[in-house]
Amino acid sequence: MLSVAEATEPTASAPHPVLAVVAERLRSASVPGRREDGRRVVLAIEGGAMRGTISAGMALELQRMGLLPAFDAVYGSSAGAISATWLLSSRPEGLAGWAEPAYARALIRASNLLRRRPMVDVERLVEHVYREIAVLDFDSVLANPIELHPLATDAATGLSVDLRPLLRTAADLRLAMRASSALPVLAGPSIPLGTSRYYDAGLAESVPYRTAIEQGATHILVLRSKIEPACWTMPAAPSRGARVTARTALRRESVHLRTTYLARAARLAEDDSFLAGREADRLGAPAVYSIRPALEDGEIGKLTKDGPSLAAALAGGQRAARLALAGTVDAVDTGALA
């Protein structure tokens with residue numbers, strides 16, 4: 001049979017090119033950081049505050065299925081950057097922590113507003129919970145041959161920035177995790193790192209695939225935290241809440257950042273449309289395949305702290321990944337791509 005690289009006309013029954021390349025790499029036992037197949041295979045993890053519990057469940061299941069070694073890099077936005085860090089650590093099972101209500105309560109506290117702290121306290125999560133309670137081995141992430149690319153939004157330019165070049169120490173990595181989730185009003189002020197300040201990646205790149213494409217990704221598996229919309233329509237204008245935030249919380253920031261913030265809903269609609277079109281075009285480059293939660297599972301709110309809801313969201317993400325990727329595992333086990 002033809003290899004994935006040689007095939008030019010995929011049949012209806014053939015696996016999607018992204019899944020085929022993942023299976024081929026696993027069958028050949030290629031090693032991250034030492035590949036010679038000319039491809040750059042990327043995992044992109046969407047966040048969305050506690051909605052990121054869904055994509056975290058997908059990442060956890062992907063790891064449990066043994067598929068992670070097929071990837072060269074993991075890109076993450078906001079909560080997706082936190083999940084990407086856990087995934088590449090020595091304890092990827094820590095991703096299940098997204099479903100722990102105790103951690104959610106440590107992260108989200110309305111009473112923080114009375115103490116002039118952000119309601120979503122990412123600093124407490126990263127600097128306290130992940131260092132003293134649910135310990136995350138930051139050094140193992142930095143040593144992993146699979147690259148971590150946490151994204152954030154530059155406060156001066158309003159552009160999406162890959163923070164990987166700034167990750168020299170565990171302290172840098174913790175700052176990057178906080179920077180990727182620093183949302184105006186809700187999750188606190190910008191985070192200084194290097195010579196710049198950064199806000200939540202979701203302002204400029206909610207679904208972290210654009211930077212991956214710019215950096216040469218040939219195959220991208222996207223883990224989404226939102227169900228597929230019934231149709232892709234462009235928002236007519238920013239919401240009233242977004243306009244108020246731009247005029248108040250961001251009034252001292254650059255016009256570039258405010259413009260990016262006001263355009264984020266339209267940009268997300270563009271992402272949905274682009275990714276759907278790219279997934280359907282099996283011959284196009286780069287190849288893109290998305291996993292979304294099932295419609296019947298629904299979504300959870302960004303500030304959900306309820307234990308059963310979080311557990312259901314994590315399980316729903318795992319189930320979605322298992323259904324989408326089962327054929328890939330079968331192809332590895334049976335040598336179907338040989």
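I started at a hairpin: β3 and β4 form it, with five residues between the two strands. In the turn I looked up Gly158, which has a positive phi of about 75°. I note here that the model is predicted.

β3 and β4, the latter covering residues 160-162, run in the antiparallel sense over three bridges.

I then asked which other strands pair with β3. Strand β2, residues 73-77, pairs with β3 in the parallel sense over five bridges. There, Gly76 has Pro150 of β3 as its bridge partner. Strand β6, residues 196-199, pairs with β3 in the antiparallel sense over two bridges. In that pairing I found Asp154 bridged to Tyr198 of β6.

Why is β3 largely enclosed by the rest of the structure? I counted burial along residues 147-154: seven of the eight residues of β3 are buried, so the strand is largely enclosed. Buried here means under 20% relative accessible area.

Last, I looked up the chain as a whole. I find twelve helices and eight strands. The chain has 338 residues, and 52% of them count as buried. Its accessible surface comes to about 14,800 Å², with 54% belonging to carbon and sulfur atoms. Of the contacts with a separation of 6 or more, 76% are between residues 24 or more positions apart.

How values were computed
Residues numbered from 1 in each chain as written. Predicted model: local features only at pLDDT ≥ 70, side-chain atom pairs only at ≥ 80, totals over all residues. Heavy atoms only, no water. Helix = DSSP H or I, 4+ residues; strand = E, 2+ residues; numbered from the N terminus. Buried < 20%, exposed > 50% of the residue type's maximum accessible area, 1.4 Å probe, protein only. Contact = heavy atoms within 4.5 Å. Areas by Shrake-Rupley, 256 points an atom, 1.4 Å probe, with all protein chains shown as cover. Pairing = 2+ DSSP bridges.
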